[in-house]
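Thanks for coming. I will show one structure and go through a handful of places in it.

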Amino acid sequence: MKTACTPLAAAIGLLIAVLPAALLAQDAGSGHEVKSEMAGKAATPADADAFVQRLNDTLRRDLVGLNSAQWLSATYINDDSQLVSAQMTERFLEKQKEFIAESRRFDGVTLSQPTSRAIKLLRTAQTLPPPDDSQKLSRLTTLTTKLDGMYGAGTWCRDPADKTSCKQLPDLEEVLRNPDATYDQQLEAWAGWHSIAVPMRPLYEEFVTLSNQGAKDNGFADTGALWRSGYDMDPDAFQTETDRLWGQVRPLYEQLHCYTRERLVKKYGERGSVHGLLPAHLMGNMWQQDWANLWPILEPYSNAGSLDITKALEAQREAEYQRLLSEFRGTPTVEQKIEIGRGADLAIAKSMTRRAEDFYVSLGMPKLPDSFWEKSQFIKPRDREVVCHASAWDMNMAGDVRIKMCIKPNEEDFTTIYHELGHLYYDLAYNAQAPVFQGGAHDGFHEAIGDTVVLGVTPGYLSSISLVEKSTPSKESVINEQMRMALAKVAFLPFGLMIDRWRWGVFDGSIPPSRYNQGWWDLKARYQGVAPASERGEENFDPGAKYHVPGNTPYTRYFLAHILQFQFYKSLCDAAGFKGPLHECTYYGSKEAGKRYSAMLNRGASQTWQETLKELTGGDQMDASAILDYFAPLKSWLEKENEGKSCGWDAQAESDEAPRSTASNHVAY
């Protein structure tokens, strides 16, 4: 499964998502003019309040231009759209520098809570800090746009002279998720996609240098330190907190890892393990972050109820295709059949989306606006390059919300839609807040909203919408359902940590350019217990094969979201009056659960995440105990299955030489 963010919201941060370039031409927002007017004057609380009001007015007025440029750059990839996007971003960052510089006038001034928080968010909600030097800033924005476009247009060709042999990410992912694909076919698809990142390496190295310069110019040790400063706690304490949360859930992951390795070895022999680590190309997912596609191998009980959502969705798509074909007069040409097929693709994509919308509406939330259905990208166009990576967009803070996906009728995309709509319902809920507070309590909250809803997509719910057969729950069916969920949720947890562990090391220099690739695989071994089938030297740049690296989207948010969603879920189940094992709860249709959830969404970023969390859950600390409660039946079952087996793995990255960081738009994960 994936996650998503708004256009620039994920790529540059809360503030970047809402501060456009056009304001450079606006005299009302000129920081230089303000500085000259205020020179020599002592700042007052009233001045600070006026500053924040001017900032909010600017954000609300000029959002559309920036987000439109970003949308075009993602949905019409070409030199022109990338140039416009880069220029708009550059102009935004120039103005952002002025706002941040001006905000320092209020250091030491006693401020109201809203004004103090707004200024704090202004300084820490960046993910792409602007260097003071204008030429460096221009180069930085050019690099970020180019890297994003390189990923979106990434294509691997088995034979460069034969265009029919060329494949993009969705095609190569199909090979990895296909249970009938051979070991060598999957290895080829995995290596093929990773080859598209090689040209990114020198650009990314330059990007790191310029981004770090921007962080230092803004008062931070490096970009990683800046990122960790946005969580209402000390940066070093935040890193310790994520380690604590991982420690809570690691034993469960290790049991799942052990079981999975044994099943892979059973199918592939000695090639099913790389010295005790899981082979990267055999995990059914390009980045090994979601193991749901290994269901045919890992299904505990084959006759314990059907949970094949993909099969049901594919059947619905085929039925729609046959319906459209029957309405065609005459004998369609090959091209006409293709267009009829695309009509079926669009119909099933929208049907899947309306099904997800229905869950939110059942909680008392509004239907999505008509513009959502008119302006969203639901399927991959035939006539141009686009970024297919799922994302959710709040274009104007006034109801123009969209998703950008290349939806296919499979379980992964089905649940991704529920996730993406969570972003949009969060956006719509806090649109009443001042623009600077239009974001998640922290970025992990934004990613957790839709996934909390996904947890309510239980077998009972799925049978009620005719995607799986209705069956009487049994011990075997419970384990099957728990396994299905664990392959998406538990398998993801270490991956959610390691990407930013790598980047924190890259930004602070503990992972130098000469060890970019080695550092990546050291951390994948340490956290995930995953390894490539053969050595991957420094001529490769495997981190670039994951969108969030060239897209510059912080990733720890997704780890936090996987913790928070279970906390949220338990609270909503309590609100719905559910009694019974946690994993059986669906709060679909509960207006009381919806009322409590909406109240949290309305808060946005107007207060600390600790305060917001406490209002919903009763506690102000993130806690993974709800995950352990949810998966208690599976953990007991796995421990019995793994009894007597040699579990765990030996990763060099566990040694003292392992690279570690010592520094204290919503994009799908």
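**Notes on helices, salt bridges and buried side chains**

F372 sits in helix α16, residues 370-375; helices here are DSSP runs of H or I with at least four residues, strands are runs of E with at least two, and both are numbered from the N terminus. Before going on, this is a predicted model, in which local features need pLDDT of at least 70 and side-chain atom pairs count only at pLDDT 80 or more, while totals for chains, interfaces and linings use all residues. Residues are numbered from 1 along each chain as its sequence is written, and side-chain values use heavy atoms, with hydrogens and water left out.

Back to F372. Its relative accessible area is 0%, so F372 is buried. The cut-offs are under 20% relative accessible area for buried, over 50% for exposed, and partly exposed in between, with a 1.4 Å probe and protein chains only. What does F372 touch, leaving aside its neighbours within four places in sequence? F372 is in contact with T353, F378, V401, R402, I403, L421 and L424, where contact means heavy atoms within 4.5 Å.

Next, the salt bridges. How many does a search of the whole structure find? The search finds 33, a salt bridge being a side-chain nitrogen of Lys or Arg within 4 Å of a carboxyl oxygen of Asp or Glu.

R177 and E412 are both buried.

Another pair is R317 with D345, again a salt bridge, at 2.8 Å from N to O. Here R317 is in helix α14 (residues 309-327) and D345 in helix α15 (residues 334-362), so the parts tied together are 28 residues apart in sequence. R317 has a relative accessible area of 18% and is therefore buried; D345, at 24%, counts as partly exposed.

R323 and E327 also form a salt bridge, 2.7 Å from N to O. Both of these residues lie in helix α14, 4 residues apart, which is about one turn of the helix. As a general point, an α-helix has 3.6 residues a turn, so residues three or four places apart point the same way. R323 is partly exposed at 38% relative accessible area, and E327 is exposed at 51%.

The network links R117, K120 and D232 through salt bridges.

N642 is in the loop between α27 (632-641) and β7 (666-667). Is N642 buried or exposed? Its relative accessibility is 4%, so N642 counts as buried. The side chain of N642 makes a polar contact of 2.8 Å with that of Q255. By polar contact I mean a pair of N or O atoms within 3.5 Å; within protein, one must be able to donate a hydrogen and the other to accept it, and residues adjacent in sequence count only if both atoms are side-chain atoms. Beyond four places in sequence, N642 is in contact with Q255, C258, Y259 and C647.

The other is R484, placed in helix α20 (residues 475-489). R484 is buried, with a relative accessible area of 10%. Its side chain has a polar contact with the side chain of E411, at 2.6 Å. Leaving aside neighbours within four places in sequence, the contacts of R484 are W295, L307, I309, E411, V457 and L462.

Then the helices themselves. Helix α5 (residues 79-103) has 25 residues and, at 1.5 Å a residue, should span 36 Å; its end C-alpha atoms are 36 Å apart, so the two agree. The expected span is 1.5 Å times one less than the number of residues. Helix α5 is mostly covered, with 18 of its 25 residues buried. At its start, a side-chain oxygen of N78 comes to within 3.0 Å of the backbone nitrogen of D80.

Last, a helix pair. Helix α10 (residues 200-217) packs against helix α21 (residues 493-508) at about 70 degrees, with the axes 9 Å apart. That angle makes α10 roughly perpendicular to α21, a class that runs from 65 to 115 degrees; under 35 counts as roughly parallel, over 145 as roughly antiparallel, and the rest as oblique. Axes are lines fitted to C-alpha atoms, for helices over the stretch in contact, and angles run from 0 to 180 degrees between N-to-C directions. Where they meet, α10 brings Y204, F207, V208, S211 and N212, and α21 brings W502, R503, V506 and F507.
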